[in-house]
Amino acid sequence: MLSRPAPRFAIIAIVFLWVIWALWPTFEYASLSEDDKEAMHTKGTLINLQNKIINLGLDLQGGIHLVLEVDIPTLIRNLAERKDEQFEAMLQRTVELSTATDADFFDVFEQQAAAYNVRLIYYFSSYGTKVPDIIAGLREEADDAVNRALEIIRNRVDEFGVSEPTIQKAGHRRIIVELAGIKDPAQARNLIQNTALLEFNLVQDLEVARDVMLKLDEILI
């Protein structure tokens with residue numbers, strides 16, 4: 001006995017219609033011009049449409065994929081209370097061996113300190129008196145640096161308005177950043193990778209500021 005095809009076709013039609021209904025907001029959003037988006041944003045209707053669309057990944061709409069790594073040798077050099085030729089030689093050898101063997105940086109660092117007969121307390125006295133304590137303290141500093149970098153990158157990515165960006169740690173020292181739909185990858189890359197800088201500038205000329213302070217002194221006296 002032949003099976004009746006009508007129920008099967010009905011199910012296929014229902015599924016097809018449901019797919020069209022689910023994808024329609026995405027098609028509608030993709031067809032909007034920048035002016036249309038701005039007009040809908042002013043009316044307050046754009047956010048409702050954005051909540052219904054399917055966020056496309058890098059493979060569908062392009063974007064950038066970055067793998068960032070914290071510069072551990074520079075971090076260690078900055079944390080060192082003293083720097084000399086022996087310390088620099090040990091650090092350079094640590095970088096070479098850890099890169100060549102893909103071994104843990106701090107394990108190699110500890111081994112090279114013993115090989116070079118370097119007393120780590122001489123360079124990192126604030127982290128303890130024993131080698132294991134110093135290494136543990138440096139590891140904690142490295143982990144904290146990665147977490148701070150992760151937070152800074154997240155704050156910077158917010159400027160692009162990317163929906164559902166991927167920002168996550170990979171291992172102990174690397175950060176993966178994926179931003180789909182970025183129209184200017186170079187600008188995004190520069191903003192993410194640039195080092196933060198805090199500057200202090202005088203609002204007024206020094207002579208003006210001194211005159212104001214003198215007048216204040218006369219009033220108070």
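This is a predicted model: local features need pLDDT of at least 70, side-chain atom pairs count only at pLDDT 80 or more; totals for chains, interfaces and linings use all residues.

Reader: Thanks! How are α5 and α7 oriented: oblique or roughly parallel?

Author: Two packed helices are described by the angle between their axes and the distance between the axes. Here α5, residues 72-79, packs on α7, residues 105-115, at about 50 degrees, and their axes are 11 Å apart. Angles under 35 degrees would count as roughly parallel and 65 to 115 as roughly perpendicular. The angle of this pair therefore makes α5, relative to α7, oblique.

Reader: And is the crossing of α5 and α7 left-handed or right-handed?

Author: The handedness goes with the pair whose axes are 11 Å apart. For α5 and α7, the crossing is right-handed.

Reader: Which residues make the contact of α7 with α9?

Author: These two helices pack at an angle of about 145 degrees, with 11 Å between the axes, and α7 passes α9 in a right-handed crossing. By class, the contact has six nonpolar, no polar and three charged residues. The residues are F106, D107, F109 and E110 from α7, together with V131, I135, L138, R139 and A142 from α9.

Reader: What separates the C-alpha atoms of F106 and R139?

Author: R139 is among the residues that F106 contacts. Along the chain, the two are 33 residues apart. Their C-alpha atoms are separated by 7.2 Å.

Reader: T94 next, please. Which residues is T94 in contact with, beyond its neighbours within four places in sequence?

Author: T94 has its place in helix α6. With 0% relative accessibility, T94 counts as buried. Its contacts beyond those neighbours are F105, V108, F109 and Q112.

Reader: Let's turn to the largest nonpolar core. Which element gives the most to this core?

Author: In soluble globular proteins, nonpolar side chains tend to be buried together. The largest core here has 34 residues, of which I76, F87, F109, L120, F124, V177 and I192 touch the most other members. Two or more residues come from each of β1 (63-69), α5, α6 (85-101), α7, α8 (120-123), α9 (131-157) and β3 (174-180). With nine residues, the element that gives the most is α9.

Reader: Which residues does I192 touch?

Author: I192 is one of the core residues that touch the most other members. Not counting residues up to four places away in sequence, I192 touches I64, L66, L68, I153, R156, V157, V177 and L179.

Reader: Finally, the whole chain: how many helices and strands does it have?

Author: Read along the sequence, the pattern is α-α-α-α-β-α-α-α-α-α-β-β-α-α. Buried residues make up 25% of the 221 residues, and among contacts between residues at least 6 apart in sequence, 58% join residues at least 24 apart. As for the elements, the chain has eleven helices and three strands.

Technical notes:
Residues are numbered from 1 along each chain as its sequence is written. Side-chain values use heavy atoms; hydrogens and water are left out. Axes are lines fitted to C-alpha atoms, for helices over the stretch in contact, and angles run from 0 to 180 degrees between N-to-C directions. Helices (H or I, at least four residues) and strands (E, at least two) are DSSP runs, numbered from the N terminus. Angles under 35 degrees count as roughly parallel, over 145 as roughly antiparallel, 65 to 115 as roughly perpendicular and the rest as oblique. A crossing is left-handed if the near helix is turned anticlockwise from the far one by less than a right angle, and right-handed if clockwise. A nonpolar core is a set of buried Ala, Val, Leu, Ile, Met, Phe, Trp, Tyr and Cys residues joined through side-chain atoms within 4.5 Å. Buried means under 20% relative accessible area, exposed over 50%, partly exposed in between (1.4 Å probe, protein chains only). Contact means heavy atoms within 4.5 Å. Ala, Val, Leu, Ile, Met, Phe, Trp, Tyr, Cys and Pro count as nonpolar, Asp, Glu, Lys and Arg as charged, and the others, Gly among them, as polar.
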